[in-house]
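Colleague: I would like to go through this model term by term. For each label, give me the value and the rule behind it.

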Amino acid sequence: MSDQFEMAEHTIVIERELDAPRELVWRVWTDPDEVARWWGPEHFTTPREKIEFDLRPGGACRMTMVGPDGVEYANDGHFGIVEPPERLSFAQETTDNPMIESGETTVEFIDLGGARTKLVVTSRMICAEELIPMAHAGWSSQLDKLEVLLAG
Amino acid sequence: METDQLSLTFAALADPTRRAILARLADDDDEVTVNELAQPFPLSVQAVSKHLKVLERAGLITRGRAAQRRPSRLESAPLRDVADWLERYREIWEGRLDRLARRLEDIQGKAGGNE
């Protein structure tokens, strides 16, 4: 049974409008010196020496994030789409979480004119399949029902 | 939920057999015995017992006291925390884009809002 275990997708889409010209946003997103300054995540650092970008399709995309307790989380992957300054995608082959097998993130840089840029970040995670129903709102109530059933 | 508890939950969930056991328990209306749980797996009852111990330690299941049978049942709270954790991925990205916006402001020598 365990070898039939399937993975499933979970996608989040995040949009953000920025007061900066598209070329600059592209550079800040793809230059490791810049990425080290903002990638994070919160309370994490991504030191410059732990970022390795080979910015071309199939090129290496490696970032090691360091947690507040000093624990390192390696994210090793490759760039997929590299279309400056419009589209970038990168896939992670290893992640910091056992439930997430891999992930692919696509970033669209949309020129809004007037030195403004809209980002559309689509992050597709391949997760253990149980995570998907769990992540949906219905699951909590389903489990609540189950709890009531078991308690009764 | 404390990080330690969440790590314990994730560690327990990291194994596909244990996830399959949980899925089986989620399907079932009732408590399930070790023998019943072991049936679909190419594993000994002892091996399944070991997995159940890990799940029990992580608070993902509770087990009855009946000496021989020790039936298992699913506990939903830790699973809900995992679902919440997945949603936190969105928060990680929002925070990341906040910092990107601030960096872009710094480069352009602007003051004021985040966007």
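Colleague: What makes β2(A) and β3(A) a hairpin, and which residue in the turn has a positive phi?

Modeller: Six residues lie between β2(A) and β3(A), and A:G58 in that turn has a positive phi of about 85 degrees. Strands here are DSSP runs of E with at least two residues, helices are runs of H or I with at least four, and both are numbered from the N terminus. This is a predicted model: local features need pLDDT of at least 70, side-chain atom pairs need pLDDT 80 or more, and totals for chains, interfaces and linings use all residues. Residues are numbered from 1 along each chain, chains are lettered from A and ligands numbered from 1 in the order written, and side-chain values use heavy atoms, without hydrogens or water.

Colleague: How do you know that β2(A) pairs with β3(A)?

Modeller: Two strands pair if DSSP finds at least two bridges between them. Strand β2 (residues 51-53) of chain A has three bridges to β3(A), so it passes. The two run antiparallel. A:F53 stands opposite A:C61.

Colleague: How many bridges join β3(A) to β4(A), and in which sense do they run?

Modeller: Seven bridges, antiparallel. Strand β4 covers residues 72-83 of chain A. A:R62 has A:D76 as its bridge partner, and A:M63 has A:N75.

Colleague: Why is A:T117 called buried?

Modeller: Its relative accessibility is 0%, so A:T117 falls under the buried limit. A:T117 belongs to strand β7 (residues 116-128) of chain A.

Colleague: What does the side chain of A:T117 reach?

Modeller: The backbone nitrogen of A:R22, at 3.0 Å. A polar contact is an N or O pair within 3.5 Å; within protein, one atom must be able to donate a hydrogen and the other to accept it, and sequence-adjacent residues count only if both atoms are side-chain atoms. The 3.0 Å distance is therefore inside the limit. Contact in general means heavy atoms within 4.5 Å. Leaving aside neighbours within four places in sequence, A:T117 has contacts that include A:L18, A:V25, A:F109 and A:L112.

Colleague: Buried or exposed: which is B:R99, and why?

Modeller: Buried, because its relative accessible area is 13%. B:R99 lies in helix α5 (residues 77-108) of chain B. A polar atom of its side chain lies 3.1 Å from the backbone oxygen of A:W39.

Colleague: How do you know that the span of α4(B) agrees with expectation?

Modeller: The expected span is 1.5 Å times one less than the number of residues. For the 13 residues of helix α4 (residues 45-57) of chain B that gives 18 Å, and the end C-alpha atoms are 18 Å apart, so the values agree.

Colleague: Which residues of α4(B) are buried?

Modeller: B:V48, B:H51, B:L52 and B:L55. They cover an arc of only 105 degrees, so they sit on the same side of α4(B). The arc is taken from the directions between the helix axis and the C-beta atoms. An α-helix has 3.6 residues a turn, so residues three or four places apart point the same way. The face turned away from the buried side carries exposed B:Q46, B:K50, B:K53 and B:R57. After α4(B) comes B:G59, with a positive phi near 75 degrees.

Colleague: What is the span of α2(B), and which of its residues are buried?

Modeller: Helix α2 (residues 16-27) has twelve residues and reaches 16 Å, close to the 16 Å expected. Its buried residues include B:I21, B:L22 and B:L25.

Colleague: What is the pattern of chain B?

Modeller: α-α-α-α-β-β-α. Buried residues make up 43% of its 115 residues.

Conventions:
Buried < 20%, exposed > 50% of the residue type's maximum accessible area, 1.4 Å probe, protein only.
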